[in-house]
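Hello,

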Amino acid sequence: MSLVLRGIRPYGDDAVDLVISDGLIVDIVPVGQGQGDVIEAGGLVGLPGLVDLHTHLREPGREDAETVETGSRAAALGGFTCIHAMANTTPVADTAGVVEQVWRLGERSGRTQVRPVGAVTVGLGGEQLAEIGAMANSAAQVRVFSDDGKCVHDASLMRRSLEYVKAFDGVIAQHAQEPRLTQDAQMNEGALSGQLGLAGWPAVAEESIIARDVLLAQHVDSRLHVCHVSTAGSVDVIRWAKGRGINVTAEVCPHHLILTEELATTYDPIYKVNPPLRTASDIEALRAGLADGTIDVIATDHAPHPHEDKDCEWAAAAFGMLGLETALSIVIATMVEPGLLTWRGVAERMSSAPARIGRVREQGHDLVVGAVANVIAVDPSAVRSITATDLASKSRNTPYVGMQLPGIVEHVLYAGNPTVLHRQLTW
Amino acid sequence: MKHLLSTADLSLEDAVLILDTAAEMALLTDREVKKLPTLRGRTVVNLFFEDSTRTRISFEVAAKRLSADVINFAAKGSSISKGESLKDTALTLQAMGADAVVVRHPSSGAPYRLAHADWIDATVINAGDGTHEHPTQALLDAYTLRAHLAGPTGSLRGVRVAIVGDVLHSRVARSNVHLLQTLGAKVTLVAPPTLLPIGVEQWGCAVSYDFDEVLADQDAVMMLRVQGERMNQAFFPSTLEYSRLYGLDTPRMATMGTNSIVLHPGPMNRGMEISADVADDPRSLMVEQVTNGVHVRMAVLYLLLGGMKESAS
């Protein structure tokens, strides 16, 4: 049996019928000529299913904040057909057993492809390499390794990690944060942190680690991926490294493209995130870096936290904000509408590039005949008002409450199966 | 104005009103019965998440002289140390009918959260939050400066004040910079570069690394407490070197103008930022600052719990 996405505009181009069968795009024909069960997609922009390199699903261990199932629902509604589940769970995903558990939970949910990320070091402790080979060879087929939340700060250990993953075509995704420069840090260091009396988180704490790591990656000829780049200086360092031919990729989070440190004046920890919100000039540099390809991907760093961990004073609160269900809207508002990124550019930054970096064969295909049918249909002109309780995530810690954001994901096909139709989960 | 969270929120008129009211409260001290019926039936809670006996007692005396009922709530640890959360504590106080909550907290912004998070209706008075602000300390400092340098109702316009020491970690410094500049004083911050916040040049005051260079020009010097432990975090090489460069001792004091005065928010580290002889000098006004603290806190409680409305109408 075939499905027809009727009148969809791939990458915003001319409308066509996209015919899907057996999990593949089997035909692209003029509107009205596709044969099969019709999904009305007139005027909607067609994109390949989005791929997130940086998602916290919290399971196992913090099922009060999120589970693989609830996170997968949020992912589907946000247009993601693949997410990478970060390793900082309890227990940590540092063994084949844990990554296989997360992978199986994802398969059972079936709403999106869940790719576990393996820890670089045992227990994220930064001292001993985790069994990277076992995770790579497990059913989960892990290719991305990260101690995210913590920085692999020991230079020797970072070097060995970069070398070791070459055997599995893996990549180290570094959380670049020099720990000694960020002890007790609460927000971006600048004039504002001084006034608010919140311990500063200097840009150099991020930039110095990135500078070291790109040189290490060059020295051992391996792949480095830089998580959640947040400063203008980091963009400069990565641009320099790419200019030298170093095999480095980088991601930026939606919130770092739109929110600034001024929000900390409310002392509302809904705006507390790691790395911290920076300045307007950082935002400008990040957008420019994303536009010119210095930054390869947009990754959500979706970080659910139970309400009590945000309903408190700033210092006591957890770092992180939700992202899966708002990411595309933020990208439309900050990159597409200002003309910094075309729809093809969005497809590259949010689907093809992350799939390449994560070595996910089934994802990130162009919308062409023969491709795996991971397809989303987006209404870019629709505007929605964000309310925390309307989100599918188990947590409510979105910083966008009350904001009017453009773009709604109307339909999502994951491997040919509709997971979202008319903005609703199909089951 | 409902809360007192930061001296940055005080206009010149607000600040002068508080200081003038404090001067009226001071007259009460000369009476045999040191008590006004103004806040009878009102409940003031001293909510202290951090030990500070002197500030707590000062607020307690102030509230009692205004006939308020005072509850001292020493919260054992904040939610950081997994005690009761700030929110639950707030809900408890709300249920008990607190009219004002005087809060001391180790986290910057905790009083702001208390005032704005829809947990309680009470007036919130910041009694020191982390490394952010300590507004009533700045008000009592301004009151003391005024009494000595400008007369009881005089202006601090043009008065030169140096604030010396660990500005980076000092809530007293932040509150004083805002308030003294609002009152027209010329403030100079003096510290090693490591103990000045990034961006301090945007605070609108002068900054110097050289205590001796600025000392002779000051009408008042405010010494900040410096914790010896900061040495271990490399903010300065040793307590001795700190003391040599930034401590106020007798030879240094001799270079000050003869009418200039010395303040310290307490508690002092004698021998560290201030020598024992200087601390006991008649031009050092620490004991008077404590007395003035009660007057200023009476004024703040009086104005925030109703008096401000009356004076406005």
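**Sheet and helices of chain A**

In chain A, F145(A) has I172(A) of β10(A) as its bridge partner. The model is a predicted one, in which local features need pLDDT of at least 70 and side-chain atom pairs count only at pLDDT 80 or more, while totals for chains, interfaces and linings use all residues. Residues are numbered from 1 along each chain as its sequence is written, and chains are lettered from A and ligands numbered from 1 in the order in which they are written.

The strand β9(A) is joined by 2 bridges to β10(A), residues 171–174, and the two run parallel. (Two strands pair if DSSP finds at least two bridges between them; helices, H or I of at least four residues, and strands, E of at least two, are DSSP runs numbered from the N terminus.) Both strands belong to an open sheet of 5 strands in chain A, with parallel pairing and the order β9-β10-β13-β14-β15. Its edge strands, each pairing on one side only, are β9 (144–145) and β15 (297–298) of chain A.

Helix α6 of chain A, residues 203–220, lies across β10, β13 (224–226) and β14 (248–252) of chain A and runs at about 165° to β13(A). (Axes are lines fitted to C-alpha atoms, for helices over the stretch in contact, and angles run from 0 to 180 degrees between N-to-C directions; two residues are in contact if their C-beta atoms, placed from the backbone, lie within 7 Å.)

Elsewhere in chain A, helices α1 (residues 68–77) and α2 (residues 96–109) pack at about 55° with their axes 9 Å apart. That angle makes α1(A) oblique to α2(A) (under 35 degrees counts as roughly parallel, over 145 as roughly antiparallel, 65 to 115 as roughly perpendicular and the rest as oblique). By class, the α1(A)–α2(A) contact has 3 nonpolar, 3 polar and 1 charged residues (Ala, Val, Leu, Ile, Met, Phe, Trp, Tyr, Cys and Pro count as nonpolar, Asp, Glu, Lys and Arg as charged, and the others, Gly among them, as polar).

**Hairpins of chain A**

Strands β17 (residues 404–414) and β18 (residues 417–421) of chain A run antiparallel and are joined by 3 bridges. Y414(A) stands opposite N417(A) in β18(A). This hairpin has 2 residues between the strands, and A415(A) takes a positive phi near 50° in it.

β18(A) also pairs with β19 (residues 424–425) of chain A, in the antiparallel sense over 2 bridges. Here V420(A) stands opposite L425(A) in β19(A). The hairpin of β18(A) and β19(A) again has 2 residues between its strands, with H422(A) at a positive phi near 50°.

**Chain B**

Chain B divides into domain 1 (7–134 + 290–312) and domain 2 (135–285), the bounds coming from an automatic or database domain assignment. The C-alpha centres of the two domains of chain B lie 25 Å apart. Between them, 26 residues of domain 1 are in contact with 23 residues of domain 2. On the domain 1 side of chain B, α1 (12–28), β4 (123–129) and α11 (286–312) each supply at least two residues. The largest share of that side, 7 residues, comes from α1(B). By class, the domain 1 side has 11 nonpolar, 10 polar and 5 charged residues.

The axes of α1(B) and α5(B), residues 135–149, come within 10 Å and cross at roughly 70°. That makes α1(B) roughly perpendicular to α5(B). The crossing is right-handed. I18(B), L19(B) and A22(B) of α1(B) make the contact with L139(B), A142(B), Y143(B) and R146(B) of α5(B). By class, this contact has 6 nonpolar, no polar and 1 charged residues.

Chain B has an open sheet of 5 strands in the order β7-β6-β5-β8-β9, with parallel pairing. The edge strands are β7 (206–208) and β9 (261–263) of chain B. The twist averages 20° from one strand to the next. Strand β6(B), residues 186–190, is joined to β7(B) by 3 bridges, and the two run parallel. V190(B) stands opposite S208(B) in β7(B).

**Between the chains**

In the interface, 24 residues of chain B are in contact with 16 residues of chain A. On the chain B side, α3 (86–95), α4 (110–116) and α6 (171–182) of chain B are the elements that give two or more residues. α4(B) gives the most, with 3 residues. By class, the chain B side has 7 nonpolar, 12 polar and 5 charged residues.

Regards

Conventions: A crossing is left-handed if the near helix is turned anticlockwise from the far one by less than a right angle, and right-handed if clockwise.
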